[in-house]
Structures are given as C-alpha cells and as structure tokens.
Amino acid sequence: MTNAVRRADAREQRKRSRISDTLQNFGIDILIFVAFIVDMNVRITGIAIHEWLGIAFGVSLIVHLLLHWRWISAITQRFFRRVPLNDRINYLLNILLFVDFVVLVVTGLWISEVAMATLGLPVQRGFAWRILHTLSADISIWLIGLHLAFNWKWVANAAKRYLWQPIFARRQRTPVETAELEGAA
Amino acid sequence: MKIVLRTLIILAAALAVTGALWAFGNSSLMAQLNLGPGGRDRSELREGMAFPSRTSESADTEDNVFRFDRTRPDFGAEGTRPEGSAGAKASNATVLSASICFRWPPSGRH
C-alpha cells in the first residue's frame with residue numbers, strides 16, 4: 001500500500017468517525033437555546049447562576065457565529081449584489097440580534113452583582129443600564145423568535161434527522177432487526 | 001489561525017457595539033434616564049432599597065417610600081402601598097416609572 005493510499009484511507013476513516021457539521025451545530029444550538037430560556041428566568045436560577053450562565057451564553061454566541069462563519073462570510077461578500085430577499089432579511093435580522101445580545105451581555109456585566117465581584121472587576125452600576133438590560137432582554141425574545149422562524153427549515157430537518165428518526169426508527173425495529181444491526185456494526 | 005482571526009473579528013464587532021453603548025452612557029439621555037421624576041439620582045438604586053418619592057423632603061415614612069423589590073409577587077400591585085395617602089399620591093409618578101421599567105412583563109424577568 002502506497003503512502004498516498006494510506007493517507008486517503010486514514011482521511012476517509014476520520015471523515016466517517018467525525019460528527020457531522022449539522023449534528024454539531026444542532027447540538028450547540030439546542031444548548032444555547034436551553035441556556036437562553038433558563039437564563040431568562042432569574043427567579044428560578046437566582047442572580048448568581050443568571051450571571052454566570054449569561055457570561056457562558058456570551059461565549060457560546062461566539063462559538064455559534066464561528067460555526068456559521070461560511071454563511072456569514074458568503075452573505076457579507078454578496079450583500080450588495082444578488083442575494084435572495086430571504087437571506088438579506090435574515091442577515092439584517094442577525095445583525096440586529098448580534099447588537100442586541102452584545103448590549104444584553106455587556107449591560108449585564110455592568111450591573112453584575114456577583115460575577116464581576118468574584119472576578120474582582122469594578123462595575124459601574126446604573127439605573128439606565130438596568131433599563132437597557134431589561135429592554136434588550138425583551139427585544140431578544142422577539143428577535144430569537146424571528147431568527148428561529150427564518151431558519152425553521154434547517155431546524156426542522158435537523159430535528160427530524162437527529163431526534164425524530166433515531167427515536168422512531170429504533171421503536172419500529174423488531175428485536176431481531178436490532179440484534180442484526182448491532183451485529184453488523 | 002483562521003479561527004483566531006474570525007474570533008478577533010467577532011470581538012471587534014462586539015467591542016464596537018460596546019463602544020457605542022459606552023458613548024451613549026456618557027450622553028445626556030443617560031443622565032435623564034438615571035434621574036427620577038423628582039430629579040433624584042437613581043443610578044445607585046438597587047433592589048431592596050427604598051425608592052425616594054417626589055416629596056423627598058419629608059421623612060421616609062411608609063407613606064412616601066416605595067419598596068423597590070421586584071422579587072415580591074405583589075410588586076407594583078394595587079394595595080401594596082397606602083392608597084389615598086398624601087405620600088402615595090405624590091409617589092405615583094415614581095411608582096409608575098418603576099413599574100413600567102421593571103414590572104413588564106409580569107413574569108418578572110431580569
């Protein structure tokens with residue numbers, strides 16, 4: 001076996017064992033969504049969890065953007081040329097969402113009572129930052145709803161492929177089929 | 001290397017928004033937001049603190065002090081302050097502004 005063939009083989013094996021990009025994105029998106037829902041309920045989480053989860057949420061947003069960089073880059077380059085209207089609106093909506101989340105996270109840090117004190121960083125608490133934090137949180141609910149709506153086809157397909165089908169396909173299989181499949185694997 | 005560059009671009013965009021926010025923070029509009037209806041500075045107001053009324057010259061009696069505690073289930077509700085009293089009437093504007101800012105939506109999110 002030549003080196004080139006061996007390398008191609010190894011590449012193929014890595015490709016097969018690697019989690020697909022869609023599954024990876026879907027998993028992270030679900031985590032971000034759940035974190036957002038939990039974080040919005042301060043009465044349930046308490047202020048400390050709310051703040052730390054908010055910071056983690058900010059970091060996860062960067063990861064989310066990095067994972068969808070190809071789309072961002074493609075639309076940015078073509079924005080003033082021919083882009084489908086849907087993508088154009090989606091792009092503008094995502095910019096709004098980004099700005100809103102930055103305001104949400106930054107004002108959250110500025111009015112922080114626990115996290116910043118733990119990190120030993122000074123904060124400039126202000127009544128207006130509180131207003132902005134609340135306002136941006138309220139706006140984010142609407143924007144996230146729209147963001148989901150614009151990407152619904154992708155979400156539905158991913159859910160069908162990675163949640164629905166594995167669960168229902170397994171249920172429909174007979175024990176003999178399952179044993180055969182496991183044996184083949 | 002690419003990931004580092006992309007992360008830096010995202011952080012730069014976030015920093016630009018933060019800069020704009022900071023500039024807004026130093027604007028006169030921010031100063032207005034930090035001032036209550038009676039011209040009292042609310043920038044250091046925190047939960048659990050007494051909310052000064054417009055008749056702040058008088059003593060902080062239960063009549064003219066609005067307890068700023070939105071974790072209370074009855075926060076901002078009718079009857080949580082003595083209705084009809086001079087202090088309550090005087091602090092209506094303050095209560096109203098606080099309610100608008102913090103009571104909506106009723107779920108009490110942060």
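Mentor: Happy to. Leaving out residues up to four places away in sequence, A:Phe36 touches A:Phe57, A:Phe101, A:Ser140, A:Ile141 and A:Ile144; contact here means heavy atoms within 4.5 Å. Do keep in mind that this is a predicted model, in which local features need pLDDT of at least 70, side-chain atom pairs count only at pLDDT 80 or more, and totals for chains, interfaces and linings use all residues. Residues are numbered from 1 along each chain as its sequence is written, chains are lettered from A and ligands numbered from 1 in the order in which they are written, and side-chain values use heavy atoms, with hydrogens and water left out.

A:Phe36 belongs to the largest nonpolar core, which has 13 residues. Such a core is a set of buried Ala, Val, Leu, Ile, Met, Phe, Trp, Tyr and Cys residues joined through side-chain atoms within 4.5 Å; buried means under 20% relative accessible area, exposed over 50%, and partly exposed in between, with a 1.4 Å probe and protein chains only. The residues with the most contacts inside this core are A:Phe36, A:Phe57, A:Leu97, A:Phe101 and A:Ile144. At least two core residues come from each of α2 (21-39), α4 (47-67), α6 (85-110) and α8 (127-150) of chain A. Helices are DSSP runs of H or I, at least four residues, numbered from the N terminus. The most is given by α6(A), with 4 residues. Apart from this core lies another, of 10 residues, including A:Val103, A:Ile111, A:Trp129 and B:Ala14.

Now follow α4 of chain A to A:Glu51, which lies in that helix. With a relative accessibility of 9%, A:Glu51 counts as buried. Its side chain makes a polar contact of 2.8 Å with the side chain of A:Ser112; that term covers N or O atoms within 3.5 Å, where within protein one must be able to donate a hydrogen and the other to accept it, and residues adjacent in sequence count only if both atoms are side-chain atoms. A polar atom of the A:Glu51 side chain also lies 2.8 Å from the backbone nitrogen of A:Glu113. Setting aside neighbours within four places in sequence, A:Glu51 is in contact with A:Ser112, A:Glu113, A:Val114 and A:Ala115.
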